[in-house]
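Thank you all for coming. Please take a moment to look at the sequence and the structure on the screen before I walk through a few local details.

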Amino acid sequence: MTHVQSGPTCTQILAWFGADVIKVERPGEGDPTRGQLRDKPGVDSLYFTMLNSNKRGITLNPKTEAGKKIFRRLIEQCDVMVENFAPGAIDRMGFPWETIQQINPRMIYASVKGFGPGPYEDCKVYENVAQCTGGAASTTGEIDRVPLVTGAQIGDSGTGIHLVAGILAALLQREKTGRGQRVTCAMQDTVLNLCRVKLRDQQRLDLCGVLQEYPQYPNGTFGKAVPRAGNASGGGHPGWIVKCKGWETDPDAYIYVVMQAQAFPALAKVIGHADWLDDPDFSTPNARLPRLTHVFAEIEKWTTTLNKMEVMAILNPLNVPCGPILSMKELAAEPSLRNTATVVEVDHPQRGKYLTVGNPIKLSDSPSDVQRSPLLGEHTEEVLRDVCGLSDADIQAAKAQGAI
């Protein structure tokens, strides 16, 4: 019972793990993302196809009498129900948690919500709203500039992945107790969980008044809340994005360099600053903290003489943590990602071949085989016969009511 991104992310991972996932959609309309951001007229969008691999698809209107009976039968036969509707939507269909428990005590009922119990629990939430209310936007962006959301879908997909963990834990618990349970993940909670290092820094700021690894130290000012810090690493080893050769015309000609303490001598030597190793202003991590802007400027003088892959080829053998800024175009063409099925090409009967992400969770004995997404209602009759036990006459009667 999922749509758009957070719920489908969860169920797609379960499908990649081998679950028989039945996607339930509204007759005639389906998941709204089927028609969003279309690149080909009359064909399911990439937004939909990339979030619904390996699933069977049926259409169902639970508000009809026949639809209610089919929905009840699905609850009786299935192990898990996942939904990410607005708060109370499943209840209004006539299936609150108490009713579901009565129908199938082994059912695990999993939901994505915007907020947990509290003043906002009835509010709708989208990706960027979750990033803002979970602490990510407040701590992301250039120093003293407006808050920024990230392109990574930490609210939607991040919550879906958290929900997978809850469902798998509930299934394991059911092996011991024989009973299902309610599993919920709030998007605000997930984003905050992913921002836990910033909550760490808030407590340090409250106690100390400054955060020495932030660019604002020692000459800037700190307010009462964790500030935005540009590309600072947010950890015990300072890091920054520096320009590489060609940055004037290539927006991705950059590399992230981490100034890890144990690798600093090798880094200093390779950029031509062996003198720093005997200089009390640079020879220790604490001495370097007030001078990070200068140190990274000197690193950048060296990196701008090389392209980003050359920089990586030199620094990696020296155990200097670094990573080039890779564009989506570069990632789509990266052979190693194709070899590990992290990026896969899938054939679709209407759109033809397209690229999608594969399962990022690799199991040695259970590799994931990525299959295309279902067409709207493609498996309705198959599921109604095989899972729900309906006869041909039942199916025709349901069609007549508009239930399927």
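This is a predicted model: local features need pLDDT of at least 70, side-chain atom pairs count only at pLDDT 80 or more; totals for chains, interfaces and linings use all residues.

In which loop is Asn-319 found? Asn-319 sits in the loop between α13 (308-315) and β8 (322-324), where helices (H or I, at least four residues) and strands (E, at least two) are DSSP runs, numbered from the N terminus.

Residues are numbered from 1 along each chain as its sequence is written, and side-chain values use heavy atoms, with hydrogens and water left out.

Returning to Asn-319, its phi is near 65 degrees, a positive value in a residue other than glycine, and at 59% relative accessibility Asn-319 counts as exposed; buried means under 20% relative accessible area, exposed over 50%, and partly exposed in between, with a 1.4 Å probe and protein chains only. Asp-144, in the loop between α6 (127-133) and α7 (156-177), also has a positive phi, near 60 degrees, and is exposed, with a relative accessible area of 74%.

Another loop, between α9 (196-208) and β6 (239-243), holds Pro-218, and the peptide bond from Tyr-217 to Pro-218 is cis, with omega near 5 degrees.

Finally, the cysteines: with a disulfide taken as a pair of cysteine sulfur atoms within 2.5 Å, the count comes to zero. The sulfur of Cys-244 is too far for a bond, because the closest cysteine sulfur, in Cys-322, is 9.3 Å away. Cys-244 is buried at 0% relative accessible area, and Cys-322 counts as buried at 15%.
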